[in-house]
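Here is a brief report on one protein chain. Look at the sequence and the fold before reading on.

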Amino acid sequence: MVSLVRALCILVLLSSLTLQAGDNLNLAISSLRHQVNIIHFATHDELFASHLDTLDNEPAIGQLQPIINDVRMFWQSQQIPLRDRSTNFDEPSTDTILSQVLGSEPALEDYLAVSNRIRYLSFASAQYDWQPISPGGWLKLGDAHRSIPKLRTRLAHLSDNSVQDLNNVVFDEALEQTVLNFQRRHGLEPDGVVGPATLRWLNTTAYQRATIIAEDFVNRSRYLASVGQRYLLINIPAYEMVLVDSDQVVLNSRVIVGKPYRKTPLLQSQISNMVLNPTWRVPRKLLKRDLLPKVGADGSYISEGKFQVYNRAGDLVVKSDQEWQDLAFGDFPYRLVQQAGESNTLGRYKFFFENSYNVYLHDTLDTELFERSDRALSSGCIRVEKIEQLANWMAANLVKDKQTWVEMQDDRNTTQWFSLHQTLPVHLVYWTSWVGKQNKLQFRTDIYKRHQKLSLELASQ
């Protein structure tokens, strides 16, 4: 009897171990598939497409090791940190396979959220209808249209719609609120109206979305892996700036960036000094395109704008308003410098960083423009909404001559350069998607058409 009981206990134990081993293998395959899925959407590499096929067909343990190796090599080639950086693995077994796969995952805070969203988008791409919604016009509160049920369904597939009656053909208040939430997630003007911009994003398929989020995750993770603990970063299509100190965000601000035909460049540099009450040397291209037409319309634009005019020898030139107006239609061999003061285009502050594009961060008089959802409005430089907070942080942490800074706070007309005892890294980047608060996917318009292939697909819709 004792031997029988012992034998039964051994069988139960072996069965439990077998079930546990099976669970570990299934978890390993699932986790590995999530990683391969992200890489496949980010690269569209045939190697990882074949790995997906393998993982979808009940692979044996021996088939997993090459996939793990390729996944690790990819993340490492992107300089993305892993949970387990060791590379010397034994042949996989049911005891070690799960730890090997989990060790190959990126050691990033947003990895799990991105993985889950891409997994859902991959599922949604295969399961749901993504044919374009074509209402033939704008849709707004109170409208009744046959395309509204499809609009409701599309918003539900994109996790924006909690309304149960998907067949309702009336654009009611609940749908309007859903559209508002959708617009905010996409950086659009939140007006609750389905116009061309909103419709373009509604017709962006789940597959396209997965591609965008995967590409940006890889690019962003690679970039941020080497930025250090203190830096200033401007994400151009998001129209946002963050100041990070000791790996913590200490300031977040809306910004204005360059127009599509006067793009703000992508670059890395160092803020080396800041200017209080800057003058503005008008770039030649900007002078011809923007200022001279204004001078041609009204010659007093120069004097009223407090511009000084210099010839090629650097001598100050003085003429009447009528003379300036007449000269505006010719070659105009002069350069303009706007004096410091409350009417100066650059405002109160300017932050200089070395670059070949002659761009910098500065203040602005047109503060109402920060309320716009589309803020690609400048000639290439970056205008910062919370410029004073940034200046004060710089003064407290980096400016050498703090006494002069304090003494000049009431002076709006004297230009003063301030050197820094340590430069501040600045990064101008271009990321159109990320996982935001409450694990909500955020997308922004590709204002400079950098995702050219996807932009062409969207345009064709």
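How many salt bridges does the count come to? The count comes to twelve. The model is predicted.

## Arg33 and Asp56

Arg33 and Asp56 form a salt bridge, at 2.6 Å from N to O. The two residues are 23 apart and link distant parts of the chain. Arg33 lies in helix H1. Asp56 lies in the loop between helix H2 and helix H3.

Arg33 is partly exposed at 25% relative accessible area. Asp56 is also partly exposed, at 43%.

## Arg230 and Asp245

Arg230 meets Asp245 in a salt bridge of 3.0 Å, N to O. Arg230 sits in the loop between helix H9 and strand E1, and Asp245 in strand E2. They are 15 residues apart.

Arg230 is partly exposed, with 22% relative accessibility. Asp245 is buried, at 16%.

The closest N and O atoms of Arg254 and Glu385 are 2.9 Å apart, in a salt bridge. Arg254 is in strand E3 and Glu385 is in the loop between strand E12 and helix H13, so the pair ties together parts 131 residues apart in sequence.

Both are partly exposed: Arg254 at 27%, Glu385 at 29%. A network of salt bridges links Arg254, Glu371 and Glu385.

## A four-strand sheet

Four strands form an open sheet in the order E5-E8-E6-E7, with antiparallel pairing. Strands E5 (280-281) and E7 (316-317) are the edges, each pairing on one side only.

Strand E6 (residues 307-310) is joined to E7 by two bridges. Val309 has Val317 in E7 as its bridge partner.

Methods
Residues numbered from 1 in each chain as written. Predicted model: local features only at pLDDT ≥ 70, side-chain atom pairs only at ≥ 80, totals over all residues. Heavy atoms only, no water. Pairing = 2+ DSSP bridges. Salt bridge = Lys/Arg side-chain N within 4 Å of Asp/Glu carboxyl O. Buried < 20%, exposed > 50% of the residue type's maximum accessible area, 1.4 Å probe, protein only.
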